[in-house]
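I open the notebook for a new chain.

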Amino acid sequence: MTDPIARPGKIIAIHLSYASRAAQRGRRPAHPSYFFKPASSVAASGGVVERPAGTELLAFEGEIALIIGAPARRVRLEDAWSHVASVTAANDLGLYDLRANDKGSNVRSKGGDGYTPLGPGLIDARAVDPGSLRVRAWVNGELRQDDTTAGLIFPLPQLVADLSQHFTLETGDVILTGTPAGSSVIVPGDVVEIEVDAGELTTGRLTTTVVQGDVPFDPALGSLPAVDDLQRAEAWGTPAPGPSGEGAPATGTTISAALREKLEAAPTAGLSSQLRGRGITACFIDGVSANIAGAKIVGTARTLRFVPFREDLFASHGGGYNAQKRVFDAVGEGEVIVIEARGDAATGTLGDILALRAQTRGAAGVVTDGGVRDFDAVAEIGLPVFSQGAHPSVLGRRHVPWESDVAIACGGATVLPGDIIVGDGDGVLVIPPGIAEEVADAALAQEDEDAWIAEQVAAGHAVDGLFPMNAHWRARYETDKGRS
């Protein structure tokens with residue numbers, strides 16, 4: 001049926017209720033907790049919702065809404081469902097840019113005009129089993145959420161009975177019963193559809209279109225929107241950064257200012273010679289070159305791994321706040337993002353927006369054994385990127401962004417998080433952190449020798465016995481070195 005939904009006296013929403021969402025957030029509540037939404041946030045199907053000017057994290061949440069029929073006050077669990085008149089679809093929209101300052105009340109982050117679309121149709125609660133309802137959500141026609149009330153931590157009748165312990169649920173009041181995993185950020189132009197069904201009984205699709213607002217918040221009146229890595233992760237619907245999960249620092253490895261200066265001065269050709277002298281020959285990231293002539297990168301590795309494209313895996317890992325975005329949002333000052341793209345040059349493993357984000361965060365550069373889209377724009381940004389060259393493809397052609405801060409294979413070389421990466425016109429090397437200092441010192445010493453040898457060759461001496469130096473030439477070098 002498609003009865004009109006009356007303006008509710010109050011809207012009560014639950015913070016966290018589905019097991020899938022709790023697993024995503026990394027916390028499972030022992031008891032339900034709630035917040036209120038203003039009646040002015042209600043909107044009908046087919047309407048629009050504004051993403052306010054100056055914000056970025058408007059997120060949808062497909063939910064089952066209960067509409068109270070008979071008033072309920074201190075009702076028993078077994079009687080609670082009889083106080084529900086109808087079931088409908090809801091979109092519990094929220095603006096994560098305002099979430100932190102609301103401190104759980106969600107007054108501003110969830111209370112905006114149009115932030116509670118309801119409808120379009122009603123399902124008679126007497127005709128359904130509250131444990132067998134299904135909620136689905138689509139964004140631009142792509143299914144993003146699909147779960148049933150069998151996945152609830154707290155059954156629907158429990159919510160009614162629990163709330164009635166504290167205040168009277170009046171006729172027309174609405175209870176928003178929580179969202180399953182899959183909620184994510186939406187942007188202007190996106191169309192969100194929510195549907196609740198119980199077999200053949202359905203609410204129809206609740207449709208909302210996102211538009212861009214043009215009126216900014218006034219800083220003289222209250223706190224402004226703000227986001228951080230935690231809010232981004234939770235808005236996009238991925239696990240929040242933690243000490244052992246993706247988004248955490250790759251390792252405790254750091255490069256001292258003195259070592260960084262040495263590595264910047266030492267050419268990769270000299271460093272590779274010293275690595276070979278220590279028995280390390282599998283240190284080259286092959287097939288990559290710099291996007292900026294004369295570019296030099298020195299930093300610790302922050303790794304990102306792509307796996308071969310597969311439709312179902314891209315659906316689960318390619319969208320939202322995926323591993324690629326998390327790495328570029330989390331890269332630290334002086335770190336180098338190293339990407340395993342399976343040596344596929346026909347891919348765009350990053351573009352200008354991600355390059356700008358890395359530069360803003362102070363990254364030393366990017367190394368990828370794939371291609372780069374927006375190649376000229378990335379070079380203009382000034383971030384050194386070593387790759388197989390330009391390619392215009394977008395993410396999802398050959399790869400799925402899978403994981404970060406793990407051992408990867410890039411250009412035939414194994415790279416661990418925290419390994420030291422040095423790149424210049426000759427190529428890119430991976431240096432184990434434990435020997436970086438001695439390798440750098442030896443390479444610089446060798447550079448001094450090579451410069452002296454070049455002077456002798458320029459003066460007309462033959463290279464035989466001079467390069468490498470025999471005892472005669474070594475003695476002359478030591479004498480000249482002592483004089484200088």
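I looked up where the positive and negative charges of the protein chain sit on average: the mean positions of the 41 positive and 61 negative charges are 4 Å apart. I keep in mind that this is a predicted model.

**Overall build**

I then checked the secondary structure. The protein chain holds 13 helices and 27 strands. Its radius of gyration is 30 Å, well over the 23 Å that the globule rule gives for 484 residues, so the chain is more spread out than a compact globule. I also noted the box filled by the C-alpha atoms, roughly 105 × 40 × 40 Å along the principal axes.

Next I looked at burial and surface. Buried residues make up 50% of the 484 residues. The chain exposes about 20900 Å², and carbon and sulfur atoms supply 53% of that area. For contacts with a separation of 6 or more, I found that 77% join residues 24 or more positions apart.

**Lys-110**

Is Lys-110 buried or exposed? Lys-110 has 8% relative accessibility, so it counts as buried, the cut-off being under 20%.

Which backbone oxygen lies 3.0 Å from a polar atom of the Lys-110 side chain? I traced that oxygen to Asp-92. I then listed the contacts of Lys-110, leaving aside neighbours within four places in sequence. Asp-92 is on that list too, along with Phe-35, Lys-37, Glu-61, Leu-93, Gly-94 and Tyr-115.

**Ala-44**

I went to another loop residue. Ala-44 lies between strand 3 (42-43) and strand 4 (47-51). At 53% relative accessibility, Ala-44 counts as exposed, because exposed means over 50%.

I looked up what Ala-44 touches beyond its neighbours within four places in sequence: Leu-118, Leu-206 and Thr-207. I also took one C-alpha distance. Ala-44 and Ile-5 are 8.4 Å apart in space and 39 residues apart in sequence.

**Cis peptide bonds**

I checked omega next. The bond from Gly-119 to Pro-120 is cis, with omega near 0°. I found Pro-120 in the loop between strand 9 and strand 10 (123-124).

Phe-467 and Pro-468 are also joined by a cis peptide bond, with omega about 0°. Pro-468 sits in the loop between helix 12 (436-458) and helix 13 (471-483).

**Positive phi**

I then looked at phi for two aspartates. Asp-374 is not a glycine, yet its phi is positive, about 55°. I placed Asp-374 in the loop between strand 21 (365-368) and helix 11 (375-381).

Asp-405 is not a glycine either, and it has a positive phi of about 55°. Asp-405 is in the loop between strand 23 (399-404) and strand 24 (408-410).

How exposed are the two? I read a relative accessible area of 30% for Asp-374, so it is partly exposed. For Asp-405 I read 18%, so that residue is buried. The cut-off for buried is under 20%.

Conventions
Residues numbered from 1 in each chain as written. Predicted model: local features only at pLDDT ≥ 70, side-chain atom pairs only at ≥ 80, totals over all residues. Heavy atoms only, no water. Buried < 20%, exposed > 50% of the residue type's maximum accessible area, 1.4 Å probe, protein only. Polar contact = N/O pair within 3.5 Å; in protein donor to acceptor, adjacent residues only side chain to side chain. Contact = heavy atoms within 4.5 Å. Helix = DSSP H or I, 4+ residues; strand = E, 2+ residues; numbered from the N terminus. Rg over C-alpha atoms; globule rule 2.2 N^0.38 Å. Areas by Shrake-Rupley, 256 points an atom, 1.4 Å probe, with all protein chains shown as cover. Lys, Arg positive; Asp, Glu negative; His and termini not counted. Charge placed at Lys NZ, Arg CZ, Asp CG, Glu CD.
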